[in-house]
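Welcome! Take a moment to look over the sequence and the 3D structure, and then read on for a short tour.

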Amino acid sequence: MMTSSCCLDLSGEELTSIPLSHYKSAFNYTELRLENNMISVLSNLDAFTNLQTLVLDSNKLVSQQAFSYLPSLKCLWANKNQIDDLDVFIGAVKRAFPNLVELSLIGNSCCPHPMFGGSDAEYSNYVNKIRLNLTTLQSLDCSPLSTGSKILRSSSASGRQKSKQTVAGPSGDEQIYGDKHGIPDPGDRTGTGTSMSFQNYVYRGTESEGNRFIRDSDL
């Protein structure tokens, strides 16, 4: 466990829920990191009244959730979970987090991302459905919503160059995310905590030309 004046880090502790011992000081935290645990349904966040960032990557989250109402929440990362029904999950997110700005669901079966073989049409429908339901959202799956179509079109672009790039993590820090499946992982703090490269794909970030996903065969 790691704590700071604004962040409670409970990642990698095999938790199925938030320990009660943390609720007394919950109002102090603007960031809660619960990645790499065993949580399937997350509830009882009411005490985290100032929470702005919630990281839930690599848990066992299912589609049906009982999120507490948190109008303060701006960023939700739920990559690599067991979310298979987009309508049900987005409904829960919409009810609980009315001011959400950033959402990432890569690595769930409900997310037909091109890096996992989803078609342009499938991902476009996914983006449009989320955009219609979460009207305050500005970033989806590590990319600005305003440039989502560029990401799809560029997935088959040519002339790519091999290069390590960075993307902004949920706390605004620049990191290179990825595991052996190429899934963005903002919670991985191994090594330096700021430089992990993709093995199957390279995500070049929002500041690069075309926001490309690069396959090994293209390098």
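A residue is called buried when its relative accessible area is under 20%, exposed when that area is over 50%, and partly exposed in between, using a 1.4 Å probe and protein chains only. At 1% relative accessibility, aspartate 141 is therefore counted as buried.

## About this model

This is a predicted model, in which local features need pLDDT of at least 70 and side-chain atom pairs count only at pLDDT 80 or more, while totals for chains, interfaces and linings use all residues. Residues are numbered from 1 along each chain as its sequence is written, and side-chain values use heavy atoms, with hydrogens and water left out.

The pLDDT is the predictor's confidence in each residue, from 0 to 100. The protein averages 77 on this scale, and 64% of the residues score at least 70. Over residues 147-168 the pLDDT is below 50, and this stretch has 44 contacts in the model beyond near neighbours in sequence; here, contact means heavy atoms within 4.5 Å. Residues 173-215 also stay under 50, and for them the model has 116 contacts beyond four places in sequence.

## The overall picture

The protein holds three helices and twelve strands. Both kinds of element are DSSP runs numbered from the N terminus: helices are H or I with at least four residues, and strands are E with at least two.

How many of the 219 residues count as buried? The share is 50%. Among contacts with a separation of 6 or more, 47% are between residues 24 or more positions apart.

## Around serine 104

Serine 104 belongs to strand β6, which covers residues 102-104. With 1% relative accessibility, serine 104 counts as buried. Leaving out residues up to four places away in sequence, serine 104 touches Leu76, Trp77, Ala78, Asn79, Asp141 and Cys142.

One of these neighbours, asparagine 79, also makes a polar contact with serine 104, side chain to side chain, at 2.7 Å. A polar contact is a pair of N or O atoms within 3.5 Å; within protein, one must be able to donate a hydrogen and the other to accept it, and residues adjacent in sequence count only if both atoms are side-chain atoms.

## Two residues with positive phi

Most residues other than glycine have a negative phi. Aspartate 141, which touches serine 104, has a positive phi of about 55° although it is not a glycine. Aspartate 141 sits in the loop between β7 (139-140) and β8 (143-144).

Lysine 80 is another non-glycine residue with a positive phi, near 55°. Its place is the loop between β5 (75-77) and α1 (86-96). Is lysine 80 buried or partly exposed? At 26% relative accessibility, lysine 80 counts as partly exposed.

Aspartate 9 lies in strand β2 (residues 7-9) and is buried, with a relative accessible area of 3%. Its side chain makes a polar contact with the side chain of serine 11 at 2.6 Å. The C-alpha atom of aspartate 9 is 4.7 Å from that of arginine 33, 24 residues away along the chain.

Side chains of opposite charge can pair when their charged atoms come close. In a salt bridge, a side-chain nitrogen of Lys or Arg is within 4 Å of a carboxyl oxygen of Asp or Glu. The structure holds three salt bridges. Arginine 33 forms one with glutamate 31 (2.7 Å, N to O) and one with glutamate 35 (3.2 Å, N to O).

## Helix α2 and its link to α1

Aspartate 87 forms a salt bridge with lysine 129, with the closest N and O atoms 3.1 Å apart. Because aspartate 87 lies in helix α1 and lysine 129 in helix α2, the pair ties together parts that are 42 residues apart in sequence. Both partners are partly exposed: aspartate 87 has 47% relative accessibility, and lysine 129 has a relative accessible area of 35%.

Which residues of α2 are buried? They are Tyr123, Tyr126, Val127 and Ile130. Seen down the axis of α2, these buried residues fall within an arc of 95°, so they line one face of the helix; the arc is that of the directions from the helix axis to the C-beta atoms. The face turned away from the buried side of α2 carries the exposed residues Asn125 and Leu132.
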